[in-house]
Amino acid sequence: QVQLVESGGGSVQAGGSLRLSCAASGYTYGQSCMGWFRQAPGKEREVVARIHTGTSTTYYDDSVKGRFTISQDKGKNTLYLQMNSLKPEDTAMYYCAAVVTYGPTCHMFTASTDFRYWGQGTQVTVSS
């Protein structure tokens, strides 16, 4: 079955860095759109970054552009999110998600409801 397993969350001070990982298995990794989402208490789940695993095309929310980098290791079927210059408002549960696609882009996959597979989440806490 499909499994997405996140790791790498934790607590840091503002300005610090964390790297999240998501190990994927059980589907055709190279034909998918994968994303990192986050959800803070009382707020809706929002996408922060996406990547097309076939073309490596990336997409970022404006709130994280220039600070976060989504990447992948195709040989390990693993997705990463490097988070630099962290701010208290980045505090949230972070989720990795995936959806199989045979198209060349992730343009159409923008909402949490567009993604089929989800990890269990990893907490990121940024203190001021």
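If we number the bonded cysteines of the protein in sequence order, what is the pairing? The pairing is 1-3, 2-4. Let me walk you through that, and then through one glutamate.

Some ground rules. This is a predicted model, where local features need pLDDT of at least 70, side-chain atom pairs count only at pLDDT 80 or more, and totals for chains, interfaces and linings use all residues. Residues are numbered from 1 along each chain as its sequence is written, and side-chain values use heavy atoms, with hydrogens and water left out.

Disulfides, then. A disulfide here is a pair of cysteine sulfur atoms within 2.5 Å. Searching the whole structure turns up two.

Take cysteine 22 and cysteine 96. Their sulfur atoms sit 1.9 Å apart. The link is left-handed, with -40 degrees about the S-S bond. Cysteine 22 is in strand β3 (residues 18-25) and cysteine 96 is in strand β9 (residues 92-100), so this pair ties together parts 74 residues apart in sequence. Strands are DSSP runs of E, at least two residues, numbered from the N terminus. Both cysteine 22 and cysteine 96 are buried, meaning under 20% relative accessible area with a 1.4 Å probe, protein chains only.

Now the other pair, cysteine 33 and cysteine 106. Here the sulfur atoms are 2.3 Å apart. This link is right-handed, at 135 degrees about the S-S bond. Cysteine 33 lies in strand β4 (residues 32-39), and cysteine 106 lies in the loop between β9 and β10 (117-118). That is 73 residues of separation, so again distant parts of the chain are linked. Why does cysteine 33 count as buried? Because its relative accessibility is 0%. Cysteine 106 is buried too, with a relative accessible area of 0%.

On to glutamate 6, in strand β1 (residues 3-7). What does it touch, leaving out residues up to four places away in sequence? The list includes Cys22 and Cys96, along with Trp36, Tyr94 and Tyr95. Contact means heavy atoms within 4.5 Å.

Glutamate 6 is buried, yet it has no salt bridge. A salt bridge needs a side-chain nitrogen of Lys or Arg within 4 Å of a carboxyl oxygen of Asp or Glu. The nearest side chain of opposite charge is arginine 45, 7.7 Å away.

So where does the side chain of glutamate 6 reach? To the backbone nitrogen of glutamine 120, at 2.9 Å. The backbone nitrogen of glycine 121 also lies 2.8 Å from a polar atom of that glutamate 6 side chain.

Terms used. Helices (H or I, at least four residues) and strands (E, at least two) are DSSP runs, numbered from the N terminus. Buried means under 20% relative accessible area, exposed over 50%, partly exposed in between (1.4 Å probe, protein chains only). Lys and Arg count as positive and Asp and Glu as negative; His and the chain ends are not counted. A polar contact is a pair of N or O atoms within 3.5 Å; within protein, one must be able to donate a hydrogen and the other to accept it, and residues adjacent in sequence count only if both atoms are side-chain atoms.
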